[in-house]
Amino acid sequence: MSAPITEPTKVDGAGVPPQRTVRKAPPRPGDKRTEGMALNVFSHGFLALWAVLIILPLLWLVLSSFKTDAQIGGSALGWPSNWQLDVFSRAWNKGIGDYFANTLIVLVFSVPLTMLLGSMAAYVLARYEFPGNRVVYYFFVGGAMFPVFLALVPLFFMVKRLDMLNTYQGLILVYVAYSLPFTVFFMHAFFRTLPTAVFEAAVLDGASHTRAFFQVMLPMAKPGLLSVGIFNVLGQWNQYILPSVLMQPQNSSDPERYVLTQGLIQLQQQQGYATDLPVLFAGVTIAMIPMLIVYLSFQRQVQAGLTSATLK
């Protein structure tokens, strides 16, 4: 109930005005405050429901890693009666360790190379005017809308002609080409918001265009770089279609260089009828934990990078 409002009335004989209490009218159904409260309750309820839909499958996945096959077939969210702590070492020894290492090798080179080339291209397109500028920009934007499924067959033969099938460098180059359109699109909008006066001051001090980019403009674009870098890490870590086509052994002498997404499928297929579901769930948990750590560690920076271009 709203607080009462007091209004002075006529002065009595003692010279002290008596107080008369006037109460505010309760909010009517069509009041803007009522509509705002209803919208707030609805939005928070929807976000809470969305959080439950995300957290429950993750909780079920982690708990299932410590159960037996019989317990997994029983209660879905029940606590394990006998915690199997060796399940992660079993999953690691069954190939998850090698798949994890292969994925790290690819991402250590593909993500920095994507960020370097994407930021350089986006900076030139955003800060310099030249004939064909918009054509090149829309070429990158069109690449972001092009489905990767349509390019699998020509991409396979192109990589095969370069003799890079089932190689790290082949997958790294494809990852870079696959991630460049979104990186250029995102960083192009970010570079356009940076102040031109800082760049002009650096040029007047004698800095070259290359030095001004790497020492002045690129550090100013750090929030955008961090945001798009997280998106590239998540996208390349979870990529399955491209490595399943390009990272297949061509003959019996070729080593298996499967990444994590391929390795989980191989782990499931290797079990056959003798299923070991806790090992499979442990492998999925191992693949999931690094991305959760990365996102939870940099979520504030990602939000800042997504909103800074709008606020500037």
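Which side chains meet in a salt bridge? In this predicted model, the side chain of Arg-90 pairs with that of Asp-86, with a distance of 3.9 Å from N to O. The protein as a whole has 312 residues, 35% of which count as buried, and its secondary structure consists of 12 helices and two strands.

**Overall build**

- Starting from the N terminus, the elements follow the order β-β-α-α-α-α-α-α-α-α-α-α-α-α.
- When contacts between residues at least 6 apart in sequence are considered, 68% of them join residues that are at least 24 apart.
- The accessible surface of the protein amounts to about 19,200 Å², and carbon and sulfur atoms account for 68% of that surface.

**The salt bridge**

- Side chains of opposite charge can pair when their charged atoms come close.
- The count for the protein comes to one salt bridge, and the residues that form this kind of pair are Arg-90 and Asp-86.
- Arg-90 has a relative accessible area of 26%, so this residue is classed as partly exposed, and Asp-86 is likewise partly exposed because its relative accessible area is 38%.

- Leu-180 is part of helix H6, which covers residues 168–191.
- Leu-180 counts as buried because its relative accessibility is 16%, and buried means under 20%.
- Leaving aside residues up to four places away in sequence, Leu-180 touches Thr-114, Leu-117 and Gly-118.
- Although Leu-180 and Phe-140 stand 40 residues apart along the chain, their C-alpha atoms are separated by 7.7 Å.

Conventions. Residues numbered from 1 in each chain as written. Predicted model: local features only at pLDDT ≥ 70, side-chain atom pairs only at ≥ 80, totals over all residues. Heavy atoms only, no water. Helix = DSSP H or I, 4+ residues; strand = E, 2+ residues; numbered from the N terminus. Buried < 20%, exposed > 50% of the residue type's maximum accessible area, 1.4 Å probe, protein only. Contact = heavy atoms within 4.5 Å. Areas by Shrake-Rupley, 256 points an atom, 1.4 Å probe, with all protein chains shown as cover. Salt bridge = Lys/Arg side-chain N within 4 Å of Asp/Glu carboxyl O.
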